[in-house]
Amino acid sequence: MALQRPKGTQDHLPDGSPKLTRDVQASAFTHVQDTARRVLERAGAQFIDTPLFEEAELVRRGVGGSTDIVRKEMFTVYYFGDHGGYVLRPEGTASIVRAYLQNGLKQLPAPLKLWTHGPMFRAENVQKGRLRQFHQVDYEVLGSTDPLVDAEAIWLMWEVVRELGLTGVRVKLGSIGDPTDREAYNAYLRDLFKPHEGRLSGDSQDRLIRNPMRILDSKSEGDQALIRELGVRPMLDFLGEEARAHFEMVQGYLRDWGVPFDIDPSIVRGLDYYRRTAWELHHEGVGAKSALGGGGRYDGLAAQLGGPEVPGIGWAFGIERLLLALEAEGMAFPGAEGPLLFLAAMDEENVGLAARVALQGRRVARVEFAYRALKPGNAFREADRRHARYAAVIGSDEAARGVLNIKNLNSGEGREVPLAELNAFLEQA
Ligand code: HAM
């Protein structure tokens, strides 16, 4: 058997491929990226790109040492049998904050809105919608603590969903409070779980020491049963006055703008850098545990990475998950378009001329040509297979007179166009 791709990765395939499903359709990917780009650029977000691998220390400090991502899911980069402490990035936020600090982006007008898209890597247990290489669209805003920025970020996610035409999406909104609120909550959780420590999974016993909140995020059935049994109070009960006021304002804006949301009093995100506003978007077609996207405020992250205090907030969508949601809603969208014009020569002497005419036409439109001479019937069949709108065959008569006989493949109508006027024809076609 020929070599296979690694587990948990996907090939993005051209339209018409025999194994095509929506979540691997390259043109569907581009459609989602383009939709997000349009929404984000209208909001003033600028594109940024960072390396696919980073210092492991950046991820450890950024994402957090108690998270599953850092403890179990890191891809380490080896070269010459050695590794220089690099990992493949599991997400984009820590990298973007690093780039902001390293490149002096603080000089740019604040709040600075940035966006990116690209592959992320997590060595997860593979299942539907859970991959080892997946793709995110990511939006980050640096330099503001204003709740208006939080609400705008959530609105933008909602707007991407709306522009994609998805209807079955729910926003779950919560707050993780300020660091002192979280300390109080962690102290409460430690006291609550300590007498039942023996019933916790090994991982959660470790979480009890490092970061008890992470127990709530546990994938172990036993842990989840204990959480239900103990009737754990939600994080939201522990919000201090300032975090509560901030949270109220975010909700006020969202109501005002008609963005529907449900309060999730015990939202737990899988990354440690969050404080205050945190949210996730869910879709019934993707599964209860699989968010379409999520985000939150991370005012302490820049300092955590060794920089000055820079407040920030952002979100990321999983593109594969958006595609699964589009599939679940039975959304049809057109695949890649075919060429406007397909050209073929009827005899060997004119193959070069057909190619030259096609190259000229490409200045204004998508034009393809046959690499060998074809009989007219075959030429029109080839044009059809490529979903071309027009086709033309060039024989010695057309070559001598400097004209093309262009056939509209929908209506069957033919029309003679002088070569010198081809581009004008293509422009208005
Ligand atoms: P996250 O919740 O870890 O947040 O990931 C965001 C989205 O990426 C998820 O909701 C999901 O759609 C997708 N995703 C995550 N893991 C996988 C996977 N293994 N397979 C397929 N899709 C996946 C972040 O990454 C934060 N950096 C978001 C953020 C930006 N927060 C602030 N700024």
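**Domain arrangement and helix packing in a predicted model**

The C-alpha centres of domain 1 and domain 2 are 48 Å apart. Domain 1 comprises 22-177 + 239-328 and domain 2 comprises 341-428, the bounds being taken from an automatic or database domain assignment. The structure is a predicted model, in which local features need pLDDT of at least 70 and side-chain atom pairs count only at pLDDT 80 or more, whereas totals for chains, interfaces and linings use all residues. Residues are numbered from 1 along each chain as its sequence is written, and side-chain values use heavy atoms, with hydrogens and water left out.

Along its principal axes, the C-alpha trace of the protein spans about 95 × 55 × 40 Å. The secondary structure consists of 15 helices and 15 strands; helices (H or I, at least four residues) and strands (E, at least two) are DSSP runs, numbered from the N terminus. Of the 429 residues, 52% count as buried, where buried means under 20% relative accessible area, exposed over 50%, and partly exposed in between (1.4 Å probe, protein chains only). Among contacts with a separation of 6 or more, 70% are accounted for by residues 24 or more positions apart, a contact being defined by heavy atoms within 4.5 Å.

Two packed helices are described by the angle between their axes and the distance between the axes. Axes are lines fitted to C-alpha atoms, for helices over the stretch in contact, and angles run from 0 to 180 degrees between N-to-C directions. The axes of helix α5 (residues 147-164) and helix α9 (residues 241-257) come within 8 Å and cross at roughly 45 degrees. This angle makes α5 oblique to α9; angles under 35 degrees count as roughly parallel, over 145 as roughly antiparallel, 65 to 115 as roughly perpendicular, and the rest as oblique. The crossing of α5 past α9 is right-handed, a term applied if the near helix is turned clockwise from the far one by less than a right angle, with anticlockwise giving a left-handed crossing. On the α5 side, the contact involves Pro 147, Leu 148, Asp 150, Ala 151, Glu 152, Ile 154 and Trp 155. These residues meet His 246, Met 249, Val 250, Tyr 253, Leu 254 and Trp 257 in α9. The residues of this contact divide into ten nonpolar, one polar and two charged; Ala, Val, Leu, Ile, Met, Phe, Trp, Tyr, Cys and Pro count as nonpolar, Asp, Glu, Lys and Arg as charged, and the others, Gly among them, as polar.

Helix α5 also packs with α1, at an angle of about 135 degrees and with the axes 9 Å apart. The two helices are therefore oblique to each other, and α1 passes α5 in a right-handed crossing. The contact is formed by His 31, Val 32, Thr 35, Ala 36, Arg 38, Val 39, Leu 40 and Arg 42 of α1, together with Leu 156, Glu 159, Val 160, Glu 163 and Leu 164 of α5. Its residues comprise seven nonpolar, two polar and four charged. Within α1, Thr 35 is buried, with a relative accessible area of 1%. Not counting residues up to four places away in sequence, Thr 35 touches Val 160, Glu 163 and Leu 164.

Helix α11 (residues 319-328) is mostly covered, with eight of its ten residues buried. The buried residues are Ile 319, Glu 320, Arg 321, Leu 322, Leu 323, Leu 324, Ala 325 and Leu 326. Their cover includes α1 (26-42), β5 (133-142), α5, β8 (275-283), β9 (291-297) and β10 (312-318). Gly 330, which follows α11, has a positive phi near 60 degrees. In helix α12 (residues 351-361), the buried residues are Val 351, Leu 353, Ala 354, Ala 355, Val 357, Ala 358 and Gly 361. Among the elements covering them are β11 (341-345), β13 (390-394) and α15 (422-428).

Several local backbone features were also identified. The peptide bond from Ala 110 to Pro 111 is cis, with omega near -5 degrees, and Pro 111 is placed in the loop between α4 (93-102) and β4 (112-121). Phe 80, although not a glycine, has a positive phi of about 45 degrees. Phe 80 is located in the loop between α3 (68-72) and β3 (86-88) and is exposed, with a relative accessible area of 86%. Arg 276, likewise not a glycine, has a positive phi of about 55 degrees; this residue lies in strand β8 and counts as buried at 12% relative accessibility.
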